[in-house]
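Please load the model in a viewer and keep the selection panel at hand.

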Amino acid sequence: MAERREAWACGAGCWMCCAINARVTALPAEVRAAWEILKDLPEETAPHPRACPALGADGLCRVYSARPAVCGRLGSTDVAACEAALARYDATGEVGPFMQSAASALDPWAFASLLGEAADEPRRQVDLVTCLRRLRAGAKMADALSAGRAAHLAANPGERNRLDPAPRGR
């Protein structure tokens, strides 16, 4: 059951989702928009080693105005649950429930997907963290998006489509 945003415990400087959600699904256009901001900013040490490269040392998203829509629709009503989920993930790699979704009939993620398709870019989600890490390391956008797509498919193998390469080892 989704809680209303007013009940969320999240606020400026709350960053646990940015470390727990090591796999953030984004559209290529969202990666490009975030990178346009991040590429001109110096690297910072985030509050957690697994955190999204867009997270600043102060716990604030440095690409907030261009963050993927999915980042704005997730939250939590319980800070203790987030802390427990992060500790569990650090210890075991398992997350467990801790977030709520504010998705609605006018879900911004779904709307962004439609815009991507209208712009002749197939709805091929990528892993944002993988893309931004590759771009920070000097990769070209196409290579970063390919790596992000591969990471997304590894985590979500059922989403493969005819344009994706066949899985390795088969």
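A disulfide is a pair of cysteine sulfur atoms within 2.5 Å. This model is predicted: local features require pLDDT of at least 70 and side-chain atom pairs pLDDT 80 or more, while totals for chains, interfaces and linings use all residues. Residues are numbered from 1 along each chain as its sequence is written, and side-chain values use heavy atoms, without hydrogens and water.

**Cysteines.** Select Cys52 and Cys18. The closest cysteine sulfur to that of Cys52 belongs to Cys18, and at 6.3 Å it is too far for a bond. Next, select Cys61: the nearest cysteine sulfur, again in Cys18, is 6.5 Å away, and Cys61 is in no disulfide. A search of the whole structure finds zero disulfides. Colour by relative accessible area, where buried means under 20%, exposed over 50% and partly exposed in between (1.4 Å probe, protein chains only). Cys52 is buried at 9%, whereas Cys61 is partly exposed at 28%. Of the 170 residues of the chain, 39% count as buried.

**Overall fold.** Switch to a cartoon. Helices (H or I, at least four residues) and strands (E, at least two) are DSSP runs, numbered from the N terminus. The chain has seven helices and four strands, in the order α-β-α-α-β-α-β-α-β-α-α from the N terminus.

**Cores.** A nonpolar core is a set of buried Ala, Val, Leu, Ile, Met, Phe, Trp, Tyr and Cys residues joined through side-chain atoms within 4.5 Å. Which members of the largest core touch the most other members? Now centre on Leu135. Beyond its neighbours within four places in sequence, Leu135 is in contact (heavy atoms within 4.5 Å) with Val31, Trp35, Lys140, Met141 and Ala144. A second, separate core of 10 residues includes Trp15, Met16, Cys82 and Leu86.

**Helix α2.** Select residues 28–38. The buried residues here are Pro28, Glu30, Val31, Ala34, Trp35 and Leu38. They lie on the same side of α2, because they cover an arc of only 155 degrees around the axis, taken from the directions from the helix axis to the C-beta atoms.

**A charge over a ring.** Finally, select Arg67 and Tyr64. Arg67 lies over the face of Tyr64, 3.8 Å from the ring centre; the criterion is NZ of Lys or CZ of Arg within 6 Å of the ring centre and within 35 degrees of the ring normal.
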